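Good morning, colleagues. Please look at the sequence and the model on the screen while I go through a few of its features.

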Amino acid sequence: MVKSTSKYERIHNFRASQLESKTPLFIASLLVIESGNGKTVLNLKDEIEKKLSKTTNKIKLNEVVLETLGLKYLSSNRFKFDYNYCLENLLFFNLEDIPVIEKKCIPENYSKLSFEVDFTIIKPLETDSGFNLIDNCII
């Protein structure tokens with residue numbers, strides 16, 4: 001899962017359902033700033049797509065981008081971000097290290113529950129261990 005914020009603090013919005021997983025899940029946390037000569041979300045999608053060999057993975061990538069951006073798909077090309085700043089401020093977190101609100105604690109008549117998680121108090125994963133999370137991500 002990828003989360004980004006343009007705030008100076010590493011605080012991300014989540015829906016309660018996003019933090020439910022029975023399989024190992026990593027969260028890529030990006031700090032982003034706009035830049036007139038940076039890259040757009042669609043530029044990044046195109047770069048990732050070029051690296052994918054399987055057609056099914058390319059289709060899945062496009063589905064995820066379309067689902068995420070929705071009606072903002074075309075207008076997302078107007079916003080450019082400083083790519084190097086993003087990479088310098090990229091951290092990974094293990095879902096297991098993030099406190100969650102258990103489903104049984106949420107009243108049945110609540111829906112679309114969302115909240116902010118402050119990542120500044122959560123220890124990020126060490127990425128110099130020989131296992132490169134970026135190169136080993138599965139789409």
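Predicted model: local features only at pLDDT ≥ 70, side-chain atom pairs only at ≥ 80, totals over all residues.

Leu44, Tyr83 and Leu87 together make a nonpolar surface patch of about 230 Å². Patches here are made of residues with over 30% relative accessible area and no salt bridge, with nonpolar side chains (Val, Leu, Ile, Met, Phe, Trp, Tyr) joined within 5 Å and like charges within 9 Å. Accessible areas come from the Shrake-Rupley method with a 1.4 Å probe, and for residues only the protein chains shown count as cover. Leu44 belongs to helix α1, residues 41–51. Leu44 counts as partly exposed because its relative accessibility is 31%; buried means under 20%, exposed over 50%, and partly exposed in between (1.4 Å probe, protein chains only).

Residues are numbered from 1 along each chain as its sequence is written, and side-chain values use heavy atoms, with hydrogens and water left out.

The protein chain has three helices and six strands, in the order β-β-β-β-α-α-α-β-β along the sequence. These are DSSP runs numbered from the N terminus: helices are H or I with at least four residues, strands E with at least two. Of the 139 residues in the protein chain, 28% are buried.

Lys and Arg count as positive and Asp and Glu as negative, with His and the chain ends not counted. A salt bridge requires a side-chain nitrogen of Lys or Arg within 4 Å of a carboxyl oxygen of Asp or Glu.

A polar atom of the Arg10 side chain lies 3.1 Å from the backbone oxygen of Asn89.

Lys3, in strand β1, is likewise buried without a salt bridge; Glu116, its nearest side chain of opposite charge, is 11 Å away. The Lys3 side chain reaches the backbone oxygen of Asn13 at 2.7 Å. Contact means heavy atoms within 4.5 Å, and leaving aside neighbours within four places in sequence, the residues in contact with Lys3 include His12, Phe14 and Ile27.

Thank you; I welcome your comments.

Technical notes: Polar contact = N/O pair within 3.5 Å; in protein donor to acceptor, adjacent residues only side chain to side chain.
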